[in-house]
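Thank you all for coming; I would like to take a few minutes to go through one structure with you.

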Amino acid sequence: MSRLSVRDLAVEASHGIGARPGRLFLTILGTVLGIAALVVTMGMAQTGAGQIARQFDAVGATQAVAKPGSTQTMSGENRAKAQLPWDSPDRVQRLAGVEAAALLADVDVAGARISAVPIIDPTAVEGVSPKVVATSPELLEAVRGELLTGRMFDAGHDARADRVVVLGADAAERLGINRVDSQPSIFIGDRAYTVVGILEDTARRRDLLDAVVLPLGTARADLGLEAPSELQMKIAVGSGGVVKDQVPVALSPNAPENVDVQAPPTGGELQRNIRGDINIVFIALGGVALIVGGLGIANVTLLSVMERVGEIGLRRALGATRGQVATQFIVESVVVGLLGGLIGAALGVFVVVGVSVAQEWTPIIDMPLAIGSALLGGVIGLVAGAYPAMKAASLEPVAALRGGL
């Protein structure tokens, strides 16, 4: 019984692979796309997770909110268990991790109209007035706010209960005020308040852009504000757990359970959660792409078997065994898959780096994954070529010779 040496097998396989360059290109293309899709999806999943976590750290992971705890009465109403102290910002800024803090409260103006001119005709059609919010002077830093023009009121305004306000950009537009150098005023009911600044944006509490913001002291003196409703805090990245534990004690030492604090999870936990969720989606997409590439190799290899029936019959007639015939076709499939894997892995890495550079991101590529994906192409070729190889090996010499004529 003749034996096919490794060298002979390599020669025959290379001849079979290179005999049809056009088909070889199309076969490799399917594997290239499948492997490249896997590398790109996994690489972009890791890069995207890192970018998302970084963006979250920029705002969400540095923000915490404290509110009075509430309990439900017999009538179904929610009633606050306690009140936040008026000196809450001073208390929490002594804590490790708290960088800025500001009290806020929605103010009930009892139906008073808000306008840029005094109301002369009470029967005139009334537009929707901006809401009124009272806050401490540290608001801008606590909610990452930016002024379009003017200034924020200070501790002196708050302590003296001065009638000054800062308008959100949308509220200023509705009231027809776009500059403060002429010291314009707005009216809450029949009281005039000088506009000292206009808010352009806030990373947190974007509802303030359509609000009239005035000092807490002014709201207490003029509008009967009884208690603040929340404490906004800007915290250091990674200090969420510490802040959540310490703030209730600082605000309510005798009953810390009466204060609820919402603080972000630690950065490591956040990144793991985001990366895990994104990886599941992208692994599924990469798996579909690999299945498509494997089916392409299987189809082309099976078609090659059908076209080379005469060649198979001649080899069997000259003494080639079933195993030798099957091995030749399996080697051809593995080589095709390996070539596609190598090219696809290189292409995937290039795409991840290119997209990251274009978006000014930091590319994150797992090199063992890239190398493993290249070898995975050979495994796909092995699996995809198994059935066509067995099909070729099962052909009887006489039938194969007749089929090839």
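Predicted model: local features only at pLDDT ≥ 70, side-chain atom pairs only at ≥ 80, totals over all residues.

Leaving aside its neighbours within four places in sequence, which residues is I186 in contact with, where contact means heavy atoms within 4.5 Å? Those residues are I114, S115, A116, V165, L167, L175, I177, R191, A192, Y193, V195 and V212. Residues are numbered from 1 along each chain as its sequence is written, and side-chain values use heavy atoms, with hydrogens and water left out.

I186 also belongs to the largest nonpolar core, which has 40 residues, and is among those with the most contacts inside it, together with V92, L167, L231, M233 and V247. A nonpolar core here is a set of buried Ala, Val, Leu, Ile, Met, Phe, Trp, Tyr and Cys residues joined through side-chain atoms within 4.5 Å, and buried means under 20% relative accessible area, exposed over 50%, and partly exposed in between, with a 1.4 Å probe and protein chains only. Apart from this core lies another, of 17 residues, including M152 and F153.

Turning to charged pairs, the structure holds 12 salt bridges, each a side-chain nitrogen of Lys or Arg within 4 Å of a carboxyl oxygen of Asp or Glu. In one of them R205 pairs with E230, with the closest N and O atoms 2.9 Å apart, and both residues are buried. Salt bridges that share partners join R205 and E230 with K67, D106, K131 and D207 in one network.

How values were computed
Contact = heavy atoms within 4.5 Å.
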